[in-house]
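Please look over the sequence and the structure shown below before reading on. The notes that follow are meant for someone new to this structure and are grouped by topic.

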Amino acid sequence: LELQALARQINKVNSRKSHVLDLIAKCKGRITLALRAPDEVLAHIFEHCVLGGWVNAPLVASQVCSKWRQAASTPRIWSYVHVTSNTTDPAGRTRFWLSMAREAPLHVSLEIDVLNESTLRAFRALLDRSSQWRTLSIASRSVQSINDLLALCTRSMPQLTSLAISTNDHLAQIGEGNTDNLPELANAFHNAQSLHSLRLKTYILPGALPLQISNLHLELYALGSAPEDLPVFYTTLQALPHLRSLTIDAPYDYVEAFPFEENQVHPPPAKLS
């Protein structure tokens, strides 16, 4: 009987020990750097994750614990709105992101494989907040999809400063009278007077560009031969009254074709590198 009583006491002590060890583990968890860091520091970390390419960082971080959820509620880390046509509900996801971003400046990026109705709804939701756009990036294998989106970019965008467009649609190369694969680019962004930077990655030299840009970066895919529409391109550059910096990344085939000769139309003063 005495041994049984001692065994019961040992079990009680072991149970109490396990309970205390669990409490110690929980307390250690509460004093980790990730939980002791101020919300502003955590928000900066989450923002760097987004800038590094992890677009779902604010959503994942908000599900870790209440401390992280509070830090992840900072509007600016939701202001990087990434829309892709490969998600199940791009329109619903975009509306949720915008609700979390509230009044923060928006950095909008789109990766479009197929411009379906749900993707268009997502873009229209973004257009309703176009006054908050700071940067816009559109990438698609389809030139037509990009033109369809650009055709909608006529609203007021007072904060938009930077635009990037990328398409590797090789079917839109020069041929059969095609000299400009992005005709809507010239008609868009009339209400974006702060737009000063344009980065364009494509097969064809642009036929017309937004007149307010001052910094132009062109990245051209290889066509197998230098483009034949250089005089038109020079005229396009000449029409940009504020152009101050011009960078062209082109295949080696283009090198001899690009120098501005005396008998050609010259662009305004710009940096060619």
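Valine 20 has its place in helix α1, which covers residues 2-30, in what is a predicted model. Valine 20 is partly exposed, with a relative accessible area of 32%, and together with Leu21 and Ile24 it makes a nonpolar surface patch of about 230 Å².

**The surface patch**

**Paired strands**

- Strand β5 (residues 197-202) and strand β6 (residues 215-220) run parallel and are joined by six bridges, and within this part of the structure threonine 202 has leucine 220 of β6 as its bridge partner.
- Strand β6 also pairs in the parallel sense with strand β7 (residues 245-249), this time over five bridges, and here the bridge partner of leucine 218 is isoleucine 248 in β7.
- As a general point for reading these strands, side chains in a regular strand alternate between the two faces of the sheet.

**The largest pocket**

- The largest pocket has a volume of about 190 Å³, and its lining is made up of 15 residues, of which Val50, Tyr80, His107, Val108 and Ser109 lie nearest its centre.
- Which elements each supply at least two residues of the lining of the largest pocket? They are the helix α3 (39-51) and the strands β1 (80-84), β2 (106-112), β3 (133-140) and β4 (162-166).

**Residues with a positive phi**

- Most residues other than glycine have a negative phi, which is the background against which the next two residues can be read.
- Arginine 102, although it is not a glycine, has a positive phi of about 50°, and this residue lies in the loop between α6 (90-101) and β2.
- Phenylalanine 189 is likewise a residue other than glycine with a positive phi, in this case near 65°, and its place is in the loop between β4 and β5.
- Are these two residues buried or exposed, or in between? Arginine 102 is partly exposed, with a relative accessible area of 42%, whereas phenylalanine 189 is buried, with a relative accessible area of 1%.

Definitions and conventions
Residues numbered from 1 in each chain as written. Predicted model: local features only at pLDDT ≥ 70, side-chain atom pairs only at ≥ 80, totals over all residues. Heavy atoms only, no water. Patch = residues over 30% accessible without salt bridge, like charges linked within 9 Å, V, L, I, M, F, W, Y side chains within 5 Å. Areas by Shrake-Rupley, 256 points an atom, 1.4 Å probe, with all protein chains shown as cover. Salt bridge = Lys/Arg side-chain N within 4 Å of Asp/Glu carboxyl O. Helix = DSSP H or I, 4+ residues; strand = E, 2+ residues; numbered from the N terminus. Buried < 20%, exposed > 50% of the residue type's maximum accessible area, 1.4 Å probe, protein only. Pairing = 2+ DSSP bridges. 1 Å grid on protein atoms, 1.4 Å probe; cavity = no way out; pocket = protein on both sides within 12 Å on 5 of 7 lines; lining within 4 Å. Points joined across faces, edges and corners; volume = space filled by probe spheres on them.
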